[in-house]
Structure formats: C-alpha cells, structure tokens
Amino acid sequence: MLTKNVRSEIRREGMKNLKRRFFLNILVAFIVGVVMNGGYQYATRSQNDINTDINLDFSTDINTEVNQAIDDTISEAENIVEQTQNIGSISSLSGRDTSYSNAEIVKVFIMNLFQIDEVPDPDSISTTSANYYGGVASVFVNEITGSQSFVFGILNGINQVVFKGKIASSIVIFIFSIISIFLFIFLKNIIIVGNDRYFLEQRRYHATGAGELLFPYKNGRLKNIALVMFLRYLFQTLWNVTIIGGIIKHYEYKLIPYIMAENPKITRQEAFAISKQLMMGEKWKTFVIDFSLLPWVILKYATFNISGMFFSDAYFECVGAEIYMRLRTEKKDSLPLELRKLLNDDMLAIDHVEETEHPSGYEELDIPQISIKNVRYDYMRSYSLISLVELFFTYSLVGYLWEVFLYLGTTGTFINRGMMHGPWLPIYGCGGLMIILLLKPLRKNPGYLFAGAVIVCGAVEYIGSWALETFLHKRWWDYTGYFLNINGRICFEGLLVFGMAGLAFTYLFSPMLDDLYQKMSRKNRIILCVILVVLFAADLVWSLIAPNTGAGITS
C-alpha cells in the first residue's frame, strides 16, 4: 500500500497542502504547540520536548517519531521508575540520608512526569522583582516567570495573595497535580484530535478555519473523545515498558486521533480495531516516511526550533493527514462491514480542492455562554440630566467607600481618601458618566464596550493624575512597581478592573439605579441633586485651596 512511489507522493501532497494555506497552517501548528507545552516556554523548546510532556507518546508530531523517540521514551520511563523506587533516600536532593515524606513522593513524581527540574517551595519563591513589586498582577507575573510551570506559578500566586504564602508546599503540589491531570485529559490530549480534524479538512477545503481546533468540544463530543484518547495514552504507556511492544503499538495506535477526528462517536474498541486494521502491514513503511523527514528534524535543532515553528511542524501535520487519508482510501473496503460504516465522512476523501468549508453543518460549542440578551434591565436607555447627576454622585460615593474600606482592611487604619474632604471620589463618577455617555454605541457588543471602558477610564485616570500633580504638586495614587504601569499613573490590573466595572455599570448598576431613583418624585430628586451639587462645589473650592493630604493619602 505505502510503496516507495506512494510515500514520495504523500510527501509531495503534504507540501502542496501546506503551501495552499501556508500562514494559517503555520499558525494552527503553533497554537497547538503552545497548548501542548503549557504556554510561554514553547518558543525556546524543541517539539520533541513538547510532545514528550504529555504522555511519552510521540504521535502528535512526526518529528518525535524520527528524532530518537525510542530513546526518549525509555529514558523517561526509567527516570520515573528510578525516582519513584528510590524513595528511601533523598541524598541527591539534599545531600543527607533521610526518608521521603508522602509530599516528597508526590513532588518527585510530578517533577518527572511534567519535566520540571525543581518544584519550588511556595515560601521560597520571591514574589517581588526589581521592576514589579506592587499589586496583585505583579505577584502572579513574578510567580509565573520564577516557576517552571505556568499552573504552579498561578497556584503560588493565589497562595501569596490570598493566604500570604502560608499554605504547605505539599498542598500546592497536590492541587497542581490535580489541575495538571485535568488539563491533560480535557485539553492537551483533546487538542490532538482538533488539530488532526483541521488538517484533514484543510487538505480539501480551502475555507477551513482555525476554529476546527475546537472540533472535540462541539455538540457533545468531548467525553467520548477524552475517554478514547486517555485509554490510548494509558495503553501506550504500559506497552512502552516492554520497549519493543511500545514501538509496535505506537504505530498501531497512530491513526486513532484521525479516526476520532472523522467520527467522534466511535467507541474505544472500534477506534482501536480500525487503527489496527488500517496499519496492518504498514507500520514499517510509515516509519520509513517518518525517517525520511529526519533532515527537517535536524534543521529544527540547528535553528533552535525556529524552522519548526515557521515550516516543518505544520508540514509534518500535513504529511500525517495524507498518510491517514491514503490508508483510509485504500483499505476502507477491506474492513469488516461494522467497522467500514463507521468511517462515514466521505467528504473528507474527495479528489479535488473546494473553495468552501467542509459541509459539516452548523456546530455549537458545548460551553455555556452568557449573553447580554438575558439582562433584565433596559441597558440601551438614554439617561436624563437628573439621572446623570445622581449616578455621578453614586459612583463617586461607591469609589470613596471602596478605597476607604480597602485601606482599612489592609492596614487597619481609617483614612479619608482622595483630594477632596467630602465622602466622594469624583474620578469614579467621571469614569462612570463617560462610559454611559460616550460608549452608548458599543452597548450591544460587550467585547467592544470592555475595550472602550479600559481606554476611557484609563484616559480619565491618567489625565487626572497628571493634572493633580501638575497643579497641586502631589500624587494621590502611584502605581510605580505595578505590572505594566505607565509613569505610575495607570497600570494593567487597574485598567482590567475598569473594563469589568464598565460592563457592570452599563448592563446592571446604571439601569437598576435609574429605575430605583425614578420611584422618587421629580421634585425630591431635583432638591437632592441641587444640595449635592452645592456641597460638592463648596468642597471642590476648599480642596483646591487646601487639598486633603497626609499619610495614606498622598504618601
């Protein structure tokens, strides 16, 4: 079946399919690589390391199949077994002869399974740095960049922010292991099928989108795919212990992700049986195809994975899709009837390229979505002048109470926050009004409204800080040391809060408060607004002459 001429044709077709949508194919392969590796370390590691991370299974990228995959599997398995068996001593870690505790056993296993050189203790990781030493975001940034694991860094950040670093390392490691296993089963192992679905479709349908990566999460498919892929991983891992059996089973199980990508309703027994039948007599020939790609693997290492990211990773995926489709086309009719009818997506096997998407019909993600259509208040309303005045003072008061109680909770000291002497912080009121007045055209799109609120409130805060410092020669807030701050006037986490507050102001609080205020008589509302404006004006004049300053306010 996979004769010499056919193998050459498969490589040519793979190259042709790669070039047809080159940039999107490269992007998809890169996204999958990032997900498989856990994110931010992807660009500095070889694809071989990335694939070894998830399951000692080298089938997610042909690169691992030809680049000493056997040696990597054996050494990794031996490493885990050796570290787990040597639990009578930790002399290699501490230089002294002692016994492993249960927590240390978990630590050693997690370190080896997820390729972490050293799991840092939550109490030993510094949560400060030369650049970022203030605010919640800085804690997480410093924890993540100082840890070898994105998930572990997040857990340490939560530990530092919420529990002040007092959680035992064993508990954090346990939580880390649970989260890592969950991500492996429902994300890393699943994205392989989404990746294969994309490359199967794009070889014949020019309009295939990157959204096919989410194929396993559409229309109730996730649980079955997760089960089949986990059992494939488990069986492969067990077979790896026998070495030779691991090599054979690797190629026998090779087509299972493609089979699930074609028909995600297939059971574990059916998927394994079909892959076994299609690969019968083709294992060595498939290995030869993999071995022929060795020059690209060598180039990946010579270029520190750059050539892989920008070419060969996606090329290997295109070749893998061609191998599956060639074997499917040539061997489908020889399958038993009960298995043959399960390979039912014949639109993948057409012999020409369409300028359309795969005719799979409309598919929905099995993820609950929150829609603004469910908001009970009329958020598209226009607010009267009286309502705007009331909302200004409401948000000014809420901002004042927020800052006072936040300072009280963190320092135990009551401070009259703000430049003014009264119980209001007008910058909150100004931000709320500008969201209401300027961003009305964006209310139907929460994403645009969030971005608009970030920009508008960021501008208000920056200009307010500049004006106060320029004319009153004091700073009432300073974000120096916070993550992504600009001149200490605004910062990342503050803008993030403004964006979320903008959504809450627009869709919930403003219309809710407006309905509440309208229950008062118009006369009483006007009297209340006049009193508030007069008091505010008097306070503003007084504060410009003698601004509110002091410890916890301007220092």
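Let's start with what Arg-11 touches: beyond its neighbours within four places in sequence, Arg-11 is in contact with Ser-292, Leu-293 and Tyr-315, where contact means heavy atoms within 4.5 Å. Please keep in mind that this is a predicted model, where local features need pLDDT of at least 70 and side-chain atom pairs count only at pLDDT 80 or more, while totals for chains, interfaces and linings use all residues. Residues are numbered from 1 along each chain as its sequence is written, and side-chain values use heavy atoms, with hydrogens and water left out.

Arg-11 sits in helix 1, residues 4-20; helices here are DSSP runs of H or I, at least four residues, numbered from the N terminus. With a relative accessible area of 24%, Arg-11 is partly exposed, because buried means under 20%, exposed over 50%, and partly exposed in between, using a 1.4 Å probe and protein chains only.

Now, how does helix 1 pack on helix 15? Their axes are 11 Å apart, at an angle of about 50°, with helix 15 covering residues 283-292. That makes helix 1 oblique to helix 15. By way of terms, axes are lines fitted to C-alpha atoms, for helices over the stretch in contact, and angles run from 0 to 180 degrees between N-to-C directions. Under 35 degrees counts as roughly parallel, over 145 as roughly antiparallel, 65 to 115 as roughly perpendicular, and the rest as oblique. Helix 1 contributes Arg-7, Ile-10 and Arg-11 to the contact, and helix 15 contributes Lys-285, Val-288, Ile-289 and Ser-292.

On to the salt bridges, of which the structure holds 21. By that I mean a side-chain nitrogen of Lys or Arg within 4 Å of a carboxyl oxygen of Asp or Glu.

One of them pairs Lys-218 with Glu-363, with the closest N and O atoms 3.6 Å apart. These partners come from distant parts of the chain, 145 residues apart. Are they buried or exposed? Lys-218 is buried at 11% relative accessibility, and Glu-363 is buried at 16%. Both also belong to a network of salt bridges that links Glu-212, Lys-218, Arg-221 and Glu-363.

Another one joins Arg-328 and Asp-346, at 3.0 Å from N to O. Arg-328 is in helix 17 (residues 306-331) and Asp-346 in the loop between helix 18 and helix 19, so the pair ties together parts 18 residues apart in sequence. Here Arg-328 is buried at 2% relative accessible area, whereas Asp-346 is partly exposed at 43%.

Note on methods. Helices (H or I, at least four residues) and strands (E, at least two) are DSSP runs, numbered from the N terminus.
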